[in-house]
Amino acid sequence: MNLQRQIGFWLGALLVFVVFLVVFSNVLLPFVAGMAVAYGLDPIADRLERFGLGRLAASLVILVGFVILLVLLVVLLVPLLVNQLAAFIDKMPSYALQLQALVQALLDTRLGHLIQVDSGQFNSSMGSLMAEAAGWLSTLLKSIWSGGSALVDVAALFVVTPVVAFYMLIDWDRMVARIDSWVPRDHVETVRAIARDIDHAIAGFVRGQGLVCMLLGSIYAIGLMLVGLNFGLLIGIGAGLLSFIPYVGTTVGFVVGVSVALVQFWPEWQWIGATVLVFAVGQFIEGNILQPRLVGRSVGLHPVWLMFALFAFGALFGFVGLLIAVPAAAAVAVLMRFAIARYLTSPIYRGQTDGDEPPASLR
């Protein structure tokens with residue numbers, strides 16, 4: 001009965017939380033963003049406290065620096081990206097037609113006859129694919145706009161978020177201590193261990209992968225601009241941001257970048273090869289330097305599970321869902337590992353005999 005009451009309590013709490021997200025999803029964005037900023041900056045505040053600053057002074061210094069950096073990025077970078085995005089969307093139909101004509105010309109050569117591809121069927125398939133891609137892009141942009149309706153009020157986002165982050169940063173340690181005092185004393189060590197694992201997973205992925213995205217976006221953007229690729233800044237930074245989902249950013253950036261390079265540079269193969277080389281170098285640096293050093297191997301978030309969480313939470317709660325998807329995915333992954341470890345030590349799994357201990361990877 002005690003176990004049933006506990007399960008009922010936590011299921012009820014989860015239901016209340018989900019209902020809260022659904023009801024208030026349109027106004028939560030600045031507050032969730034502020035909590036995310038405070039969580040990310042809390043280790044810096046703790047370090048400044050060890051250097052002798054008070055919590056209020058440390059929070060003020062960090063937040064002022066964060067706001068200045070954010071304003072510089074918005075003033076210097078965002079206008080360029082918006083202009084390039086508008087120009088890229090405007091040129092997408094002509095790029096698609098040129099790419100289709102280029103592939104058609106290749107199919108008319110000896111190589112095309114060798115691989116035996118029907119040009120008429122190819123044109124029909126390409127037309128259908130372009131129509132579906134245009135419809136998908138339109139639907140995606142509309143869903144982002146409607147699902148993240150709080151983005152419409154940009155002033156609220158940029159005013160409320162720093163204020164929320166400031167107050168959360170000041171009270172972060174006290175809030176953690178207060179929540180810890182609410183945990184049932186019989187289970188406090190278990191809950192603390194689970195919380196430490198969740199914090200390790202979230203911090204390791206969000207902070208580490210965030211740095212990876214910024215560095216990788218810089219590498220791609222600088223490399224593509226040096227090559228002279230049209231919209232190189234937009235494609236490079238976009239590929240870096242999408243790298244928050246492992247392998248997705250590089251794949252999307254590679255496909256878009258090489259497609260633009262084929263249209264822009266054909267038949268100058270050296271520049272097309274240079275575009276490919278930029279992504280190859282970026283992938284090598286990410287896999288061998290950035291990921292091992294900044295993210296590590298112990299985060300435990302599988303790319304497929306992460307993609308599912310982003311799609312699921314985005315569909316359910318809009319843009320706010322995208323912000324909470326990674327922490328929720330990390331928490332669920334840790335809880336599932338904990339539940340499996342408990343199951344492997346329970347009589348349900350072991351039966352009446354004392355078998356071997358569960359694998360170390362699940363303990």
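**Entry 1: α2 and α8**

I started with the contact between two helices: Y39, G40 and P43 in α2 meet D199, I202, A203 and R207 in α8. The model I am reading is a predicted one. I then looked up the geometry of this pair, and the axes of α2 and helix α8 (residues 188–227) come within 11 Å, crossing at roughly 95°. Angles of 65 to 115 degrees count as roughly perpendicular, and α2 and α8 are therefore roughly perpendicular to each other.

**Entry 2: α8 and α9**

I stayed with α8 and turned to its packing with α9. Here the axes come within 7 Å, and the crossing angle is roughly 155°. The cut-off for roughly antiparallel is over 145, so α8 and α9 are roughly antiparallel to each other. I noted the handedness as well: α8 passes α9 in a right-handed crossing. On the α8 side I listed C213, L216, G217, Y220, A221, L224 and M225 as the residues making the contact. On the α9 side I listed G232, L233, I235, G236, I237, A239, G240 and L241.

**Entry 3: α9 and α10**

Next I followed α9 to its packing with α10. Helix α9 (residues 232–242) packs with helix α10 (residues 248–265) at an angle of about 160°, and their axes are 7 Å apart. That makes α9 roughly antiparallel to α10. The crossing of α9 past α10 is right-handed. I found I235, A239 and L242 of α9 meeting V248, G249, T250, V252, G253, V256, G257 and V260 of α10.

**Entry 4: salt bridges**

I looked up the salt bridges, and the count comes to 7. One I checked is between the side chains of R55 and D42, at 2.6 Å from N to O. R55 lies in helix α3 (residues 55–76) and D42 in helix α2 (residues 29–50), so this pair ties together parts that are 13 residues apart in sequence.

**Entry 5: a nonpolar surface patch**

I found a nonpolar patch of about 1100 Å², made by I7, L11, L14, L15, F17, V18, V19, F20, V22, V23, F24 and V27. I placed one of these residues, V22, in helix α1 (residues 2–24).

Technical notes
Residues numbered from 1 in each chain as written. Predicted model: local features only at pLDDT ≥ 70, side-chain atom pairs only at ≥ 80, totals over all residues. Heavy atoms only, no water. Patch = residues over 30% accessible without salt bridge, like charges linked within 9 Å, V, L, I, M, F, W, Y side chains within 5 Å. Areas by Shrake-Rupley, 256 points an atom, 1.4 Å probe, with all protein chains shown as cover. Salt bridge = Lys/Arg side-chain N within 4 Å of Asp/Glu carboxyl O. Helix = DSSP H or I, 4+ residues; strand = E, 2+ residues; numbered from the N terminus. Axes fitted to C-alpha atoms, helices over the stretch in contact; angles between N-to-C directions. Parallel < 35°, antiparallel > 145°, perpendicular 65-115°, else oblique. Left-handed = near helix turned anticlockwise from the far one by under 90°. Contact = heavy atoms within 4.5 Å.
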